[in-house]
Amino acid sequence: MRLVRHVLDGATRPGAVLPGPDAPDDDRLLDLAPVVPGHDVVDLLRDPTLLDQARSAAATVDPATLPLLADARLAPPVVPGAILCIGHNYTGHLGIGVPDEDRPTGPNVFVKTPNTLSGPHDAVVIPAASNAVDYEGEIAVVIGRRAHRVPLAEAEACIGGLTLFDDVSARDWQQRTSQWTLGKCADGFGQLGPAVVTADEALPLTGRELTVERDGVVTAHASTDQMVFSPAFLVHHLSQVMTLEPGDVIATGTPAKTAAVAATHVPMRHGDAVTISVTGLGSLTTTFVDDVPPSTATPTSGGPL
């Protein structure tokens with residue numbers, strides 16, 4: 001099942017994405033607020049009873065009667081308490097054909113702060129202070145069950161679903177110190193969505209193709225079989241030292257850019273668009289815009305809903 005959070009009459013509500021009569025390009029939106037009143041997407045991921053209610057509602061509705069998903073405004077599908085990111089988690093980033101003895105024994109982990117969260121319809125602002133904004137297309141794990149010191153054999157059961165993530169980075173700020181925090185944590189630098197695909201459909205994460213395009217040109221491509229550390233291992237590993245709560249997000253890393261793209265890479269510019277696509281998980285497009293000086297900025301309602 002594909003779950004989203006959508007904005008209706010100023011309120012953020014849970015929803016389900018259903019294929020319309022003219023699928024595959026005719027997705028429809030089922031508002032789940034009347035089905036599971038008072039609950040959000042995270043509640044559905046951690047409570048099988050609520051998720052079954054949503055599935056029953058989806059099975060009995062005629063998608064042709066539902067509004068188009070394209071006409072809805074989507075918020076991030078979850079609002080995580082923690083956003084944990086993994087670096088160099090594809091063999092292409094380590095070097096093709098890396099001998100087993102040269103592979104890392106544990107993942108390279110960093111965090112993104114809550115201000116980075118943005119939704120699938122939010123443009124990402126290029127900070128005036130950076131001249132080297134970059135993108136990273138990733139698959140994100142959404143925790144569905146509290147995980148504390150979870151054995152590897154039980155870790156996959158803690159995953160509620162998978163979604164997509166753009167780990168936007170200011171490379172100039174990232175490279176100024178040994179700590180990546182400021183380069184990774186500008187406002188809006190963690191675009192998430194559009195939908196969480198529930199674990200029963202999203203797992204196991206094998207044989208799927210991850211493709212990243214910048215303005216229509218493929219810049220990175222890999223199979224999930226090239227992942228060094230699986231989603232289950234990441235949940236297991238991280239839970240040994242920190243408790244993962246439902247709704248928390250683990251961004252599983254990006255494949256390296258192709259050699260030709262890396263050699264000619266230029267920082268993101270106003271109007272550039274990056275699309276992340278994964279087999280069975282959909283696609284997420286990030287549009288970049290220039291910063292606006294505070295004195296001329298149009299007032300907004302704040303951050304992501």
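Start by selecting arginine 5, which counts as buried because its relative accessibility is 6%; buried means under 20% relative accessible area, exposed over 50% and partly exposed in between, with a 1.4 Å probe and protein chains only. Arginine 5 sits in strand 1, residues 2–8. Helices (H or I, at least four residues) and strands (E, at least two) are DSSP runs, numbered from the N terminus. Now show the side chain of aspartate 40: the arginine 5 side chain makes a polar contact with it at 3.3 Å. A polar contact is a pair of N or O atoms within 3.5 Å; within protein, one must be able to donate a hydrogen and the other to accept it, and residues adjacent in sequence count only if both atoms are side-chain atoms.

A word on what you are looking at: this is a predicted model, where local features need pLDDT of at least 70 and side-chain atom pairs count only at pLDDT 80 or more, while totals for chains, interfaces and linings use all residues. Residues are numbered from 1 along each chain as its sequence is written, and side-chain values use heavy atoms, with hydrogens and water left out.

**The whole protein**

Zoom out. The protein has 9 helices and 18 strands, and its C-alpha trace spans about 55 × 50 × 35 Å along the principal axes. Of its 305 residues, 50% count as buried.

Next, select proline 19 in strand 2, residues 11–19. With a relative accessible area of 48%, proline 19 is partly exposed. Leaving aside residues up to four places away in sequence, proline 19 touches Arg2, Asp26, Asp27 and Pro63; contact means heavy atoms within 4.5 Å. Proline 63 is 44 residues from proline 19 in sequence, yet their C-alpha atoms are 7.0 Å apart.

Move along to proline 24, in the loop between strand 2 and strand 3 (27–31). The peptide bond joining alanine 23 and proline 24 is cis, with omega about 15°. Proline 204 lies in the loop between helix 7 (199–202) and strand 14 (209–214).

**Two positive phi values**

Most residues other than glycine have a negative phi, and most peptide bonds are trans. Select histidine 88, whose phi is positive, near 55°. Histidine 88 is in the loop between strand 5 and helix 3 (91–94). Then pick aspartate 215, with a positive phi of about 50°, in the loop between strand 14 and strand 15 (217–223).

**Into helix 8**

How many of the 9 residues of helix 8 are buried? The count is 7, so helix 8 is largely enclosed by the rest of the structure. Colour the buried ones: Pro231, Ala232, Leu234, Val235, His236, Leu238 and Ser239. Among the elements that cover them are strand 10 (137–143), helix 4 (152–155) and strand 11 (159–167).

Finish on serine 239, in helix 8 (residues 231–239). Serine 239 counts as buried because its relative accessibility is 0%. Beyond residues up to four places away in sequence, serine 239 touches Ala147, His148, Arg149, Val150 and Leu244. Its side chain also makes a polar contact with the side chain of glutamine 240, at 3.5 Å.
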